Amino acid sequence: MQQPHPIKNHARHDYQNCRVLVTGGTSGIGAGIAAAYRNAGAHVTITGTRPELAAYEGDFEGYQYRQLDIEDARSIDAVAASLPGLDILINNAGFALPSLGLDEYEPDVFGRAVQMHLVGGYRMAHRCADQLLASTLAGGASIVHIASMSSYFGIDVVPGYGAAKTGVVGLTRALAVHWGGRIRVNAVAAGLTASRMTAATIANPEWSQPTLARTPAGRLGMPQDIAGPVLFLTSADASWITGQTLPVDGGFTVAG
């Protein structure tokens with residue numbers, strides 16, 4: 001499917017020596033965000049489900065790695081406890097279970113989706129709170145959750161994923177109020193963005209073409225389209241922004 005090429009992001013952020021955790025940072029949106037922080041000078045830790053980073057293909061130079069099962073409380077606790085300090089948490093880990101051929105209308109699968117994307121993300125934030133509260137980052141420590149268009153719209157194939165991503169918006173607000181100015185908490189609601197999880201959707205014109213036709217920007221997203229807004233939200237320039245969910249979707253949410 002032909003699309004206009006995205007404009008290169010020339011914005012510059014200085015995250016020299018900043019400590020960042022990007023869950024699910026081995027591919028897709030997470031990998032794009034992790035690379036942006038690394039390129040801005042941060043010390044970046046990424047997580048994945050495999051025992052070693054060498055099991056993945058990609059450019060992972062300079063990263064620290066932790067194995068994480070976002071559905072398992074003990075795994076989340078272990079990752080959080082292993083961090084000597086933290087300034088920024090990007091809660092990105094997870095995937096839509098229909099991509100594995102599972103039916104989210106089955107109650108157990110629905111529950112798994114909610115556990116993965118909402119409960120797991122909350123637990124990671126909760127377990128990392130002490131490190132974040134000790135941060136001296138300019139603009140304050142931050143958490144950014146990755147939300148979705150399913151946070152706003154009913155998408156038939158992903159009721160569990162959509163319910164969880166809708167919950168992420170509410171969680172973002174609640175945690176922003178709870179931690180006040182001590183930890184800023186925001187979310188980015190990503191439009192249809194190229195990743196391993198969305199590859200089949202994008203490759204199928206019956207699914208991707210209606211989204212593209214409704215997108216004023218005239219193209220689907222790339223991971224770097226999400227990374228730039230995330231880096232802004234955790235920067236000192238955004239120090240008065242908390243509790244917000246920013247749609248990054250090429251205008252999909254405003255099109256009639």
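Which residues in helix 2 meet which residues in helix 3? The model is predicted: local features need pLDDT of at least 70 and side-chain atom pairs count only at pLDDT 80 or more, whereas totals for chains, interfaces and linings use all residues. Residues are numbered from 1 along each chain as its sequence is written, and side-chain values use heavy atoms, with hydrogens and water left out.

Ala73, Ile76, Asp77, Val79 and Ala80 of helix 2 meet Gly120, Arg123, Met124, Arg127, Cys128 and Gln131 of helix 3, where contact means heavy atoms within 4.5 Å. By class, this contact has 6 nonpolar, 2 polar and 3 charged residues; Ala, Val, Leu, Ile, Met, Phe, Trp, Tyr, Cys and Pro count as nonpolar, Asp, Glu, Lys and Arg as charged, and the others, Gly among them, as polar.

The sheet is open and parallel, with 7 strands in the order 3-2-1-4-5-6-7; two strands pair if DSSP finds at least two bridges between them. Strand 3 (64–67) and strand 7 (245–248) are the edge strands, each pairing on one side only. Within the sheet, strand 5 (residues 141–148) and strand 6 (residues 183–190) pair in the parallel sense over 8 bridges. Ile143 has Val185 in strand 6 as its bridge partner.

Val185 is also in contact with Thr172, a residue of helix 4 (residues 159–179). Thr172 counts as buried because its relative accessibility is 0%, the term meaning under 20% relative accessible area (1.4 Å probe, protein chains only).

Notes: Helices (H or I, at least four residues) and strands (E, at least two) are DSSP runs, numbered from the N terminus. Buried means under 20% relative accessible area, exposed over 50%, partly exposed in between (1.4 Å probe, protein chains only). Lists of a residue's contacts leave out its neighbours within four places in sequence.
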